Structures are given as structure tokens and as C-alpha cells.
Amino acid sequence: MTARTNDWPAVRPEVVAEVVAGLSARLQKRLDGAAAKLAERPVSRDGDQWRVEVDEETVLVLRAPGGTVADPVDVRCGCLLAPACVHRAAAVTLCPLAEAADPPEAPEPPAASESGAAPGAPETSEASAPAPATPAPATPAAAGLTAAELAAARHLHRAAATVLAAGVGGAGAVVQAELLRAAHRARLAGLHRPAAAAVAVVARVRAGRSGAPDHRLADLVAGLRELLGLTTALTAAGTATAAGTATVTGTAAVTGTETTTTTGPVAELRGTARQTYREEGGLRLYGLFAEPVLTATHAGAVSWAVDADGRLSTIAEVLPHEDAAAAAPQAVGAGNRTVRLGDTALSHREFSRAGLAVQGATRSAAGRLGAGAAVRAVRASGTAWAAEPAARLWSVPASVQVARALAAQDVPYESRPAGSDLLFLDVTLLGPAPSGPGGVPQLLARCRDGGPVLALRAAHEHPGLPFRANLALLATAPGLKLRVIGRLERVDRPELRLLALGTPPDDSEPLALPADRAGRVNLGLERLQTADLPVPDTAPDTAPAPAPAPDSAPDTAPVPGSAELPAPYGPPVHVLGRRVEQTVTTGRHALAPGGATAAADRGLLRAAGLATAAELLDGLRAAAADQRRDVFGRIVADDHEAFATAWLAAAWYTEELATALCAAAWAGEG
């Protein structure tokens, strides 16, 4: 049976690189235009085959077993130029990028496997995709890099610098394919972490060029910063090895106006192809909450649990989706799927309020539980958030939790302890605030026991998920006291992305929830009703509200009866941050070396005491303009090394300063 669809199958990154590389230079120049035309053609699917009628005489067929094109021969075109035709290259350019292994499977000891994906950041994307599982060559035991690894790292660095110099607007299909080719070479050389970072950058560049609703410029900036930082550190490590130096280089950092590196193990820079699991024996798990996972290619749910020692663990059920319109319902529906751990029949929603007794448990460094054949699990009683071991999560001061979350950002994602970015707080709602940056709704609350005022935001902005509707309903109940779980948003004011809520232990006005919800709500999987909220007897305490981001203004007038936001305050760090982001959007040519704008930026930063930021911005502008020309005045292509170094220094400075400002805001020093 043939069905019409607007969606393309996923494609492996190395397939894109190989198909685009097979084009002649003349056809490569036409690739972006050909892809735009092909995107307007209807796509039909029949089983594992996707068909596109390019014109009356030409049919393009993509064979994608399991929804993924895994080999260039699976892309066939009926035109006379095939296989070196622009139609095949345009097709793989339009397909979303698949992970190195799809569907996601992660091995564990003993020989067993787990399905699902580790949870990540709520927009992201990138962040919630499963770890690659393609078999890889053994990692060298030596501390330094091999010649093949060094060559792959340099190739990847040059390709990433080219993407940065071109910007989103100039990074067309050919530039993207070169970065994917470099990523494939890095993966074959055993550099799995930078290879995965490169694929994530290409996916975000595509989202930016297509105007995808889940595109966030901040995510793309972070991806390029991580990729260039990794390749810079790896290149320095390879150089140190060649010189016979005993130490190796870790992640990049910034000191003053110079880009430096810190010492660390090369193995951490390489990363791993597969998650490793260690034996845990018997575990007594208590469910905490569950959340949906929604990315450009995957949808599902993940459950969070705490064990008797207070450590957090996750169990995920995340699968690829083939229809973007059905992705959100798939994520919400995954909450009703059975937790894949032993023989338990609990769904993710049920497990978030119940418990499990597990024998033969295995767990990764990031807290992901293995679901191998040797694992045995039976249902057990859960625990209230006010009882141990869950209660100890809320006993930690907010400033300490924030410091933990900020410190975890320096650790590779696959090695971060589970829940390192989660905050467990008791708050009192103050009411709605004017919309934040981009018109995002937000709700103000005060931490209990004299804590700071913070802005609560939806954990995911997709309208098909219940987050935004639940936040809007909570805005109608000022004075309500809640115990909440959320993800820290690293900005220069206290801000939290709300995931789950419940009744605090000392509240005389508890939530009027049905008995089967055990006094708490998974805000991404369940909808609150007006009847669930008690009517407060007293008005909320008045308190100053946090200021909006310095580079934005409220998009709407204050809501009557809401807490009003004061004027923006704080150092003008956005001046440098804007130029860092502008480079990613439009490329190096957008940064003028001088003029009134440069003088104004420099003056504003120096007046605020940010002399280092001013020097970094001047260095970035100078590097952007420093391009060689031939005798005819034409720009000579270079490897953009100096420009990438200047941008990386500015990006790392902005990152470190934002982290410090976030910590200060939560500590009440803003």
C-alpha cells in the first residue's frame, strides 16, 4: 500500500558525505537550489521505500529499512546522470540525520542490551539522542593521539571552522557534507565524542536554515563551541605527543585574551562509541517523576528514580518517529508504555509513583539502568516526596544545588551523573509575569525559607505537550505552595524549567489530586485541572521580581495583579554574546572591523569594567577582517584558523561569565 507523506526517512551522516562528494564541482554549486525544488515535490511511501517524482520522466527511490538510509546504493535515481546526479544528493540533504546506530541500542555487561535513550535538555535536542552504538576500533592505550587520530582531529577542526566562517546562511549542503565527512573520519579513528558533536552541529545548522520550530541559536552556538574546543584540545594533545611531552591537553578555556587549555585525559576527549555499564547487584528504586522526550527525530518518555543511597537513575523508552505531527502525541503516549526492566508490568506513569526491587542491576556512569536478560525486577511500594530517600533531595540548599548543576556542565554529557542539572525546591507562587525573551510565558515564585524569586518556565515549548497549559493554569493560583522539580536555566537571573510538582510536607492546603496520582503531577505527561488547585486563603507575599535578559524587552504588558519586572540590570555581557551569536548566524563577514558600532560596543564594555570582553571583541573583529587577497584584490580562501581561535576565546569567555552570573543570582548577589 502506498501512502502520501511529507516526511523523509532518516539518513546516516556518512551516506550524505559520500553522495555529495560524488558530485562534480558544477553540480555542487546547484545543490542547494535543487534541494529547495525537491522539497516541494510530494513524497510517497510504500513499506521501506520512499518515492519522489522529480519530473514526468524521473523517479527518485530511497530504500530505508527501519526508516533509515544506511548505504548510498539505497538512494536510486532514474535520470541519465545517476548515480552522480544532483537529485540523489538533494534527497539525502533533505533527509534528517540519523544517529550512528538506529534504533538505539546500548550494550552492557554481561552481553545484554537496553532500549531507549538517555534524557537530555528539553529543547534539544541534541541532547536527548541516544549514544552511538556502531562498533569502533579499540581506543589506544597510550595517553597521546595516534597519527590517524591527529589527522582526523585537524580535518574536523578545519571543517568546523569553515561552518563557523560561513554562518548558518552560508553553510549550504556542500559545507555540511564536508563536516559530516570529517565526522565520519573521526569516528573511524576512534574520536567518538567530537564526531557526535559534529553531527549535532550539522543537524542544528539544518534546523536554522529551514526555520524549524525547535531551532535555538543558543544550542547551535554551544554545539560549535564544544566542537571547536574538542578539536583544539585534541590537536594540542597530538602536538604534545609528537614533541614527547608527558602531559596531554583537555578542554579549552579562556584566560585573559589568550586561549589556553587545561590538562586532562585524552580518553575523555575521545569519548566512547557505546555506553558502559557496571554491576550494581540489588537495587531498591523509588519512582520520582516521568517526562516526555521530544526531538527532531525521536520521541518517548523517561522515568526518574532514586535509590536508598539517594542516587538518581533513569529508565527510557525513546524511539524514532516518522511523522513530526505525531511526535508529540507519541511522546505523551510513551508514558503509558511498560517500563522495560525485568518482568515488571508498570508503565512509566505508574512507576513515577511506585517502586521496583531489582536484582542483577546494571547502571551506566550517567545513571541509565540496563535492561539485560539477567536483570530481574518486581513491583514494590513507592515513597512520598516528603519521606526518605526522596526527601533528602529537597533538603539541600538551593545555592548548593545550583553550584552542582553548573559544575556538571563541564563534564561530558555521557559521563554526567543522572539529575545533575535538576533542582528540587519548595516554592510559593507569586503570579504571572510579563512574557520573557521571545514572548515565552513565565510564572514567578519565591523559594521557601527566604530564598530568591525565580521565574518558572515550561520545560518544553511544543504546544502538543501539556507543559505550557499546566503553567498557564498555575499562574491563576498565586499563593499556592508547591514542591517542584525542574531543570536549571543558566541565565543571569534565577530561572527554572518546570518538570513535576507536588504538595510540600508542611502545607495545610494540599493539591486536590486524584488518589492514583499520589499527590504529584508529571507536568509533561498529565494535565492539571482547575479542581486540582486549592483556593489560597491569603494573598502571596510581595517581592521584587527578576529582571528580563539584558538584550530583550517584555513582549507584552504586565498582567493585572501580577508581579512587575524592574528595569534591566547587570553587566552588559550581551554585547559580546550578541557578536558571538551574530557570527554563527551570518558568518565572519558580518563583523565589521571598526566604525561606530565597534566603538560603541568597546565603550559600553569598558565602562562596565569588562576590559577583557572588550579586548576579545576587538580581537574577533580583527580576525574576521584579516583575510588575504591576491593581486587582483580577490579574497584568498584560508582555513579560518585565526578567526576560529578568536571566536572560541570569546565564546568561552561568554560561557564562563554567564555561569558566574547565574551562580551569583541564585546566591542573592545579583
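**Entry 1: Thr659**

I began with Thr659, which counts as buried because its relative accessibility is 18%, and buried means under 20%. I note here that the model is predicted. I then looked up where Thr659 sits, and its place is in helix H18. Setting aside neighbours within four places in sequence, I found Thr659 in contact with Leu406, Gln409 and Arg490.

**Entry 2: H15 against H18**

I stayed with H18, which spans residues 641-666, and looked at its packing with H15, residues 574-586. The angle between the two helices is about 135°, and their axes are 9 Å apart. H15 and H18 are therefore oblique to each other. I recorded the crossing of H15 past H18 as left-handed.

Next I listed the residues that meet. From H15 they are Leu576, Gly577, Val580, Thr583 and Val584; from H18 they are Phe643, Trp647, Ala650, Ala651, Tyr653 and Thr654. Sorted by class, this contact has 8 nonpolar residues, 3 polar residues and no charged ones.

**Entry 3: Nonpolar cores**

I asked which residues touch the most other members of the largest nonpolar core. They are Leu60, Leu62, Leu179 and Trp647, in a core of 99 residues. H18 supplies the largest share of this core, with 12 residues.

I then followed Leu62. Apart from neighbours within four places in sequence, its contacts are Trp8, Pro9, Asp48, Gln49, Trp50, Val69, Asp74, Val75, Ala91 and Cys95.

**Entry 4: H5 against H7**

I turned to another helix pair, H5 (residues 147-170) and H7 (residues 192-210). Their packing angle is about 10°, with the axes 11 Å apart. Angles under 35 degrees count as roughly parallel; H5 and H7 are therefore roughly parallel to each other.

Leu156, Val163, Val168, Gly169 and Gly170 of H5 meet Pro194, Ala195, Ala198, Val205, Gly208 and Arg209 of H7. By class, I recorded 7 nonpolar residues, 3 polar residues and 1 charged residue for this contact.

**Entry 5: Backbone exceptions**

Most residues other than glycine have a negative phi, and most peptide bonds are trans. I looked up departures from both patterns.

The peptide bond from Ala82 to Pro83 is cis, with omega near 5°. Pro83 has its place in the loop between strand E7 (75-77) and helix H4 (86-94). The bond from Glu388 to Pro389 is also cis, with omega near 5°. I located Pro389 in the loop between strand E16 (376-380) and helix H12 (391-394).

For phi, I noted Ala518, which is not a glycine but has a positive value of about 55°. Ala518 is in the loop between strand E21 (495-502) and strand E22 (520-522). Its relative accessibility is 44%, so Ala518 counts as partly exposed.

**Entry 6: Ala500**

Ala500 and Leu288 are 212 residues apart along the chain, and their C-alpha atoms are separated by 9.0 Å. With neighbours within four places in sequence left aside, the contacts of Ala500 are Phe289, Trp385, Arg483, Val484, Ile485, Val521 and Leu523.

Key. Residues are numbered from 1 along each chain as its sequence is written. This is a predicted model: local features need pLDDT of at least 70, side-chain atom pairs count only at pLDDT 80 or more; totals for chains, interfaces and linings use all residues. Side-chain values use heavy atoms; hydrogens and water are left out. Axes are lines fitted to C-alpha atoms, for helices over the stretch in contact, and angles run from 0 to 180 degrees between N-to-C directions. Helices (H or I, at least four residues) and strands (E, at least two) are DSSP runs, numbered from the N terminus. Angles under 35 degrees count as roughly parallel, over 145 as roughly antiparallel, 65 to 115 as roughly perpendicular and the rest as oblique. A crossing is left-handed if the near helix is turned anticlockwise from the far one by less than a right angle, and right-handed if clockwise. Contact means heavy atoms within 4.5 Å. Ala, Val, Leu, Ile, Met, Phe, Trp, Tyr, Cys and Pro count as nonpolar, Asp, Glu, Lys and Arg as charged, and the others, Gly among them, as polar. A nonpolar core is a set of buried Ala, Val, Leu, Ile, Met, Phe, Trp, Tyr and Cys residues joined through side-chain atoms within 4.5 Å. Buried means under 20% relative accessible area, exposed over 50%, partly exposed in between (1.4 Å probe, protein chains only).
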